Structure formats: structure tokens, C-alpha cells
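Hi,

Here is the structure I said I would pass on. Have a look at it first, and then read my notes below.

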Amino acid sequence: MRKAVSSWDEAAFRAVAARHWPGADRVLPRLSHSADRGLLWFGLAAGAALLGGRPARRAALRGAASLAVASATVNTLGKRSVRRARPLMESVPLVRRLARQPITTSFPSGHSASAAAFATGVALENPGWGLALAPLAASVCFSRVYTGVHYPGDVLAGAALGAGAAFAVRGLVPTRAQLAPPARPRADAPALPEGRGLVVVANPGSGQRLTDRPDPAEPLRPALPRAEFLTVRSGSDTSGPTLDEALETAARRAREIGGALGILGGDGSVNAAAAVARRHGLPLAVLPGGTYNHFAYDLGIETLGDACRAVECGEAVAVDMVRVRDGAGDDERWFLNTFSIGSYPELVRVRERWAPRIGAWPAGILAAVHVLRTGRPVTAEINGRRRQVWMLFAGNCTYRGPGLVPVRRHDLADGVLDVRIVTGGRLARTRLLTAALTGGIRSTPVLSTARVRRLSIGGLGPEAHFAYDGETARVPGGLRLEKENEALVVYRVPTGP
């Protein structure tokens, strides 16, 4: 059997070498060379991470991780366990041969493993993007036979190993499609075919963009032709309504027609819309249009297409909100995601000041460096106890991920505040960094965590700020945070096919 397989392999190799492939002599050797050491795939991953949104970055990371696992397996097990000699080059035309011939054994093909691993990893995260990469990956695989450095059997084995590596990575780190969206408690919301009954407020200034879009709702109009749209004025334009005015007008119209309020914008816009929707007793449709879109992602809504499907299907859940009151009870705000005092509000303010000139991501990195260098701890009374803190973080519901940096929520109605406090003191920053690098972030005394329903904060100076859902404000004396369970009904990505 082994001899028969080997004979077929050699015959297929000779058939490829003997056939003329128009245009391939110029393209395939260069393509094969570009994939050396995975450079082609890592370059594509870097481009997607820099230029794409969160879904693109996640797909790129999964593809790169799958490639790394496949490459390690080929080099440590595959090449050493089957020491097959490279094909003889006599039948391969000189113009096809690589300038530098590989010196490792032939089985399996590492290039093919990397190509299949990257394309399969991306496909497991996003089938459409994986399908688009499939011809490129197949061309790299074929180029290894065409240039005479591998038998077809080597390529098939490498491709199978690469695909297996991608599935192994998925077994360790599930894709977003495998993670259940927020499932409790389900809530009633009207299904709105083609957007009938949906009144959408579009904020062209959402996100940290270098220029505002003239009509941010343009991509939505064909998908939701029966929806009504109000656009918020931005920049120097004074002819349109403000965000608050537009939300009130839209909410009254939605109540009048028995529909729902929609918001196209970032987390700050969504936060403002949530307060209005709660007050009017309306379901909220979140249409991601900002820089980060944290709340939309936690609902499973990554694209405008996801949001449109959610509205048309009428699938919804009830979610918690958090009320923030000042010490006198005169000022009231709400947040859906996070609240913080200390260094983070300063980071947000610096990032927003620099983003219009250099872009959101570079501004975020430089703002973090600036705050780390110049930040100072603040003194506050937290639930009556006076403490010196670098940062206090409070999340609406429990965030997955230990330590200082929250990752994602699996439950948007668990009834608690996720509180994390980085305390001050001697060498606090150094101790926190050391704990993070050594994996001891959970046990370091610099970081304390709690799950509470209420949180009071006082004793802050007159210049102190707090941040909530990407916005910042001055602390009006003391603050009190209180959970309101299942305060808002929101559409979420449908779970069925």
C-alpha cells in the first residue's frame, strides 16, 4: 500500500512538472517565496489588525495562532518522524525552480500547513473571509509542487495538519460564534420587518474619526427601508438637533407608532439613548457606529447587519443599568458598561484630545504612556473607608478576565457591580506590573476586587473627574452608584439560524 501511494505521488509530481501552466512561471515561484517563514500570512494578519475593526483583528489573531501551532508541529514532529527526501529536480523546468532550495526533509509541507492553518483559522472566525483567502492558500500549496520542492502527498498532509491545528486552537479558545450570547432574561420586543416602527438617531460625530460622515445612516437605509432616521448636528453645523433633542423626539415618535428607539453611534451615544429608552419604556436597538462599541459586542452585535437581523427578528433581552447620583441627589446619570476614577478618566481625556490629529489607536497608546508617566494616586472615601487609589473601576455586571483589565461580560443582568481597585502606596505601580508579568495579578495586595450592588465614593477634590462609557465629567461632591436590575430591553443578535 505504501509503495502504491508513493508511486502515485511521484507520478502526480511528474505530471505537474511536464505540463505548461500559462502565466504561472512568473507568479507561483514568487508567491511561494513570499510565504517563507509565514511572512505572507503574518503580513495579512498585521494589515487586518491595523486597518480592520475588532472582528478583523480577532480573525487575524486566530489565523496567526493557528499558523504558529501548525508550524511548531511540522518542525518538531512532522519533519523528524518522516524523513522523506526532496523530489528530484530533473523534470522541473529551470524557470520554475526557487532561487534558494530548502534543505529540510520533504514530508510534510510546512508552507502548506501554514497556508491551510491561517485560512482555516480565519474561516472559523469568519467564514466569508476564510472563503476569500482559500484561493490564495490553495495557490501557495500548489506552488510547492509546481516549483519542485514537494510531492503532492507532502502538500496534502501539510494542509490537513494545518487545518487540524486551526481546529485545535478553536478547541482551546472558542470562537465568538461558539460563545452563547446573553441569554437571560429574555424579553418581549416587537419584530420590525424592514425596520417598520424603528426610529433611529444617527450621530455622525460618534467615534474618534478624522472627519465626520455626511450621512452615517446611509448603509442602513437599504437594509431598513421603512425605518425613520434623525441625524444629529455635528461640528459647526447648527441646523440640526442635538443628541439629547433628537433622542427625545425619536422616543416620542417611537411610542406613538408602537415601535422602538434605535441609536447609531458609539458607547457614549448608546448610553444616552439607553437612559431615554428606559424613561419612555421603549426597547432599544443598538447599531454599532463608534470606535469601540463595547455594549454592542457584548450583545453579540458586531456589524450593522447583525443589528438589522436582530430588529427584524424581534429577539431581545433585559439588561441591567447603573445609576450615578451626586451627593445632593440633584444630578443623575446612567451607564451600561464601565465607570472609573483616578488615572483612567485622564487617559480618556488625553486620548480624545489627540485622536482627531493622529487617530484613535495611536492616541490611546500614547495617552496610556502619558498617564503612566505623569499620573498620581487620588485619595477617596470608598464605602466610608478612606483610601489612596490609582484607579477605581466599576463594571455593570461581572466582567470575564482576572486582574485590572476587564474582557467581556457573559451575563448582562446579574445584579452586581464588578469593582476593581488599584491602591496606592509604596512602589504600587512597580508591584502591579511585576504581578501582571509573573501571573500573580489575582493575589497581589495592590489590586482588590468586590461584587456589590451599591458603591459610595466621597472625599475627592474639586478638580477630580470620573469616566463612564467613554465620557468624562467632574465629580459633583460625593457619588453613589446603584444597580437597577433589568432596567432596559435591548435587541440582541438572533441565536437561531
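Which residue just after α11 takes a positive phi? That's Gly314, with a phi of about 75°. (Helices here are DSSP runs of H or I with at least four residues, strands are DSSP runs of E with at least two, and both are numbered from the N terminus.)

Before going on, some ground rules. This is a predicted model, where local features need pLDDT of at least 70 and side-chain atom pairs count only at pLDDT 80 or more, while totals for chains, interfaces and linings use all residues. Residues are numbered from 1 along each chain as its sequence is written, and side-chain values use heavy atoms, with hydrogens and water left out.

The overall picture: the protein chain has 14 helices and 18 strands. Of its 497 residues, 49% are buried (buried is under 20% relative accessible area, exposed is over 50%, and partly exposed is in between, with a 1.4 Å probe and protein chains only). Contact means heavy atoms within 4.5 Å. Among contacts with a separation of 6 or more, 75% are between residues 24 or more positions apart.

Back to α11, which covers residues 304-313. Its buried residues are Asp306, Ala307, Cys308, Ala310 and Val311, and they pack against β2 (198-202), β5 (284-288) and β18 (479-491).

Next, the cores. A nonpolar core is a set of buried Ala, Val, Leu, Ile, Met, Phe, Trp, Tyr and Cys residues joined through side-chain atoms within 4.5 Å. The largest one has 54 residues, and Leu198, Val201, Leu261, Leu284, Phe295 and Leu488 touch the most other members. There is also a second, separate core of 26 residues, with Ala35, Leu67, Cys141 and Tyr146 among them.

Now some helix pairs. Axes are lines fitted to C-alpha atoms, for helices over the stretch in contact, and angles run from 0 to 180 degrees between N-to-C directions. Angles under 35 degrees count as roughly parallel, over 145 as roughly antiparallel, 65 to 115 as roughly perpendicular and the rest as oblique.

- α2 (residues 24-34) and α6 (residues 127-146) pack at about 100°, with axes 9 Å apart, and are therefore roughly perpendicular. Residues that meet there include Leu28 and Leu31 in α2 and Leu136 and Val140 in α6.
- α3 (residues 39-51) and α5 (residues 110-125) pack at about 20°, with axes 10 Å apart, and are therefore roughly parallel. Here Trp41, Leu44 and Ala45 in α3 meet Ser114, Ala115 and Phe118 in α5.

Leaving aside neighbours within four places in sequence, Ala137 is in contact with Trp41, Ala115 and Ala119. Ala137 and Trp41 are 96 residues apart in sequence and 9.4 Å apart in space, C-alpha to C-alpha.

Last, strand β16 (residues 465-468). Both of its faces are covered: His465 and Ala467 are buried on one side, Phe466 and Tyr468 on the other. Two strands pair if DSSP finds at least two bridges between them. β16 pairs in the antiparallel sense with β8 (residues 338-342) over three bridges, and Tyr468 is the bridge partner of Phe339. With β17 (residues 471-474), β16 pairs in the antiparallel sense over four bridges, where Ala473 is the bridge partner of Phe466. β16 and β17 form a hairpin with two residues between them, and Asp469 in the turn has a positive phi of about 50°.

Cheers
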